[in-house]
Amino acid sequence: MASVDMGGVDYDQAWICVMAELPGLKERHVAFARLHHPSNLGPTCQEVQLVILVVTPSKEKATKSTLETGRTFSTLFTDLAFRHQLLSTTSKEAFRQMLREKAAQMARDHGGTDARKNSTHLTVFDEDHSTKSRCIVGRSLLGDLKRRLPHYWSDYKDGFIGPKTGHKVTAAIFFLYFACVLPNLAFGMLNSDNTEGAIGVKKILFSQMFGGIAFALFGGQPLIVLLTTAPLALYTKIIFSISEDFGLDFRAFFACVGLWNAGFLVLYSLFGVSRLMKWSSRSTEEIFSLFITFAFSADAIKDCLKDFKTNYHTDACHPSSENATLFNATNSSSSNSASTVLSTTLPSNVAYGILNNLDNASILNTSAQTTTATNLGAIEECMRENSILFLLLMLGTVWVGLTLFNFTKTPYLTAGKREILADYALPISVLFVSFFGSYIFRDVKLKPFQYDPNEAMFEVAPMTSLSAGAVIAAAGLGFSLSLLFFMDQNISSALVNTPNNKLQKGAAYHWDLFTVAIINGFLSIFAFPWVHAALPHSPLHVRALADLEERVEQGHVQQIVVHVRETRISGIVSHVMIGLSMFLLPRPLTYIPRPVLDGLFLYVAITALYGNQLFDRVLLLFTEQAAYPPNHYIRRVPQRKIHAFTALQLVQLLVLCVFGFSPYPYMKMVFPVLLMFLMPIR
């Protein structure tokens with residue numbers, strides 16, 4: 001058994017140690033067995049893959065007894081990362097060598113305090129006395145650099161070396177590419193509409209490429225993913241509205257706000273303001289993470305409803321009774337006039353024969369013309385097949401993605417193939433459904449991505465045109481924006497560096513914030529859109545690079561992170577690919593239908609719910625008590641307190657949603673301040 005970080009006791013089901021004493025033995029023996037497939041050996045041993053057999057003589061001194069020998073090997077096998085390495089060895093000698101090295105390392109660690117002092121498992125809240133000085137300015141930055149610099153080259157090496165590393169890193173690269181480039185296209189079109197073309201798809205792709213590569217190269221925690229988000233698009237819209245109202249140059253005002261924001265972020269990092277995040281508990285992280293899930297879902301649902309309103313529920317699809325009356329009157333007048341002309345110019349018998357044919361032709365021609373004139377708008381506007389296909393492609397992307405994501409829980413194929421399909425769930429679903437929509441249903445013309453190939457790039461914003469009052473107003477907007485950056489960046493960092501992810505190289509909250517400030521300062525000079533750490537992309541990036549271990553208890557399957565490849569390679573390569581995508585515009589990226597993007601939003605939102613305790617506790621409200629999962633808080637906390645705490649979190653989430661989804665843009669500017677207030681409330 002092993003104690004988990006959240007309290008309580010957790011059964012480690014991947015190995016079992018069997019001990020026995022035999023009177024006929026003269027010396028102790030230890031045997032190991034590595035099973036080809038996990039086996040069920042009992043209620044708390046349902047996924048056993050390693051078996052340790054310890055046999056000792058009945059008369060043996062206490063230090064070499066069965067209990068002490070079993071305790072020693074149990075200590076070794078409790079280490080998840082070490083046990084994962086043992087499972088990946090290819091020979092008996094390599095297995096023995098790893099045991100010897102691990103035992104020697106543990107002896108060194110227990111032999112003195114130097115190793116513990118030099119441990120890299122430091123967080124932003126730990127005091128590093130070696131860098132402590134009278135000057136507080138920059139102390140936290142130096143601590144982060146001292147913690148992360150020794151691992152800089154290993155961040156590259158770990159992207160190539162190790163079992164299944166090539167497969168995992170490649171899957172993470174494709175995940176990041178599709179999870180970043182498609183939202184960029186959506187936010188690029190949104191910004192283009194909000195700014196009348198001043199910021200478009202091309203600029204947002206460059207911001208993503210530059211920010212992603214720069215952070216992957218120089219950031220402290222390379223597993224964090226930078227992205228432009230919906231709140232940033234909202235701020236851009238507000239800045240454009242203010243510029244229009246007061247007659248300011250938008251690009252100059254936008255750049256000034258961005259530079260103020262970068263300046264505040266530099267001050268936060270120099271003075272170690274990220275230490276305030278020690279008051280940000282798991283509750284705050286869960287509330288904000290669930291809010292982001294709602295935001296992604298709302299964007300997708302809003303797009304779907306807008307498409308139905310444009311193509312399905314229109315006046316052209318529901319002709320009124322007045323149009324039908326007018327249609328009949330027009331036909332009647334046309335046929336009467338034709339009859340009158342013929343009867344006055346031809347003999348009656350000839351006129352009668354011609355009249356029948358002419359009446360029919362006249363009616364048909366007039367009907368066709370009238371129908372064409374009346375329903376011309378219907379041909380252009382009533383396109384119900386577009387809406388049906390929109391819904392089909394959006395839900396199809398979600399279904400294919402989630403089916404493959406959870407494929408490891410099915411009995412189909414082999415374990416290795418199931419893992420490959422789960423790792424590539426997002427790119428497979430996007431490509432498959434895009435082909436389905438663009439080729440199979442090519443006769444249905446969906447609205448393509450809007451793209452301006454002549455969008456101006458690398459033009460320095462004319463900030464000298466701003467007055468002193470405009471600069472001061474930009475400072476106020478920049479401060480509010482910096483609070484959003486501060487909370488988003490640090491909450492994303494906290495979710496990446498959570499102890500559950502078993503990261504080994506330490507965090508770098510202050511240095512990461514400083515790096516983001518420099519990146520956005522550069523982008524602001526040219527009026528490029530801003531980027532910051534994104535949820536849920538950052539935790540999902542960690543999961544894409546992780547090896548998982550399943551544990552079964554009372555019928556509930558739980559996935560535990562065993563090992564994460566802490567590498568910069570996935571971030572660098574994926575953002576280089578995003579940069580190359582700029583040369584693929586407008587084709588072939590426009591072959592990806594818009595509903596596939598909305599399906600990706602829903603996929604990311606749903607997969608982000610895995611492991612969110614707030615969501616799990618909300619489900620308890622609708623779950624029979626006998627079917628509650630055997631979580632540590634259910635075992636130790638009364639049910640009434642669990643539900644009361646969940647209700648308080650839901651109230652805080654409701655307040656965030658009221659301000660975050662408000663139809664009034666200026667009301668949304670209060671959102672970063674509300675995020676800050678979540679910490680003292682907790």
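**Close-up views of a predicted model**

**View 1. Arg384 over the ring of Tyr312.** In this predicted model, the charged end of Arg384 lies over the Tyr312 ring, 4.7 Å from the ring centre. A charge sits over a ring if NZ of Lys or CZ of Arg is within 6 Å of the ring centre and within 35 degrees of the ring normal. Residues are numbered from 1 along each chain as its sequence is written, and side-chain values use heavy atoms, without hydrogens and water. Local features need pLDDT of at least 70, side-chain atom pairs count only at pLDDT 80 or more, and totals for chains, interfaces and linings use all residues.

**View 2. Tyr439 and Arg442.** The charged end of Arg442 sits over the ring of Tyr439, 4.5 Å from its centre. Tyr439 belongs to helix 16. Helices (H or I, at least four residues) and strands (E, at least two) are DSSP runs, numbered from the N terminus. Tyr439 counts as partly exposed because its relative accessibility is 45%. Buried means under 20% relative accessible area, exposed over 50%, and partly exposed in between (1.4 Å probe, protein chains only).

**View 3. A nonpolar surface patch.** Leu392, Ile428, Phe432, Phe435, Phe436, Tyr439 and Ile440 make up this patch. Together they have about 670 Å² of accessible area, by the Shrake-Rupley method with a 1.4 Å probe, where for residues only the protein chains shown count as cover. Helix 16 (residues 425–440) gives the most, with six residues. Patch residues have over 30% relative accessible area and no salt bridge; like charges are joined within 9 Å, nonpolar side chains (Val, Leu, Ile, Met, Phe, Trp, Tyr) within 5 Å. A salt bridge is a side-chain nitrogen of Lys or Arg within 4 Å of a carboxyl oxygen of Asp or Glu.

**View 4. Aromatic pairs.** Rings of Phe, Tyr and Trp (its six-membered ring) pair if their centres lie within 6.5 Å; planes under 30 degrees apart count as stacked, over 60 as edge-to-face and the rest as tilted. The count comes to 31 aromatic pairs. One of them, Phe240 with Phe250, is edge-to-face: 5.3 Å centre to centre, with 70 degrees between the planes. Phe240 is in helix 9 (residues 230–246) and Phe250 in helix 10 (residues 250–270), ten residues apart. Phe240 counts as buried because its relative accessibility is 10%. Phe250 is buried too, at 8%.

**View 5. A ring cluster.** Ring pairs link Phe206, Phe210, Phe458, Phe522, Phe526 and Phe528.
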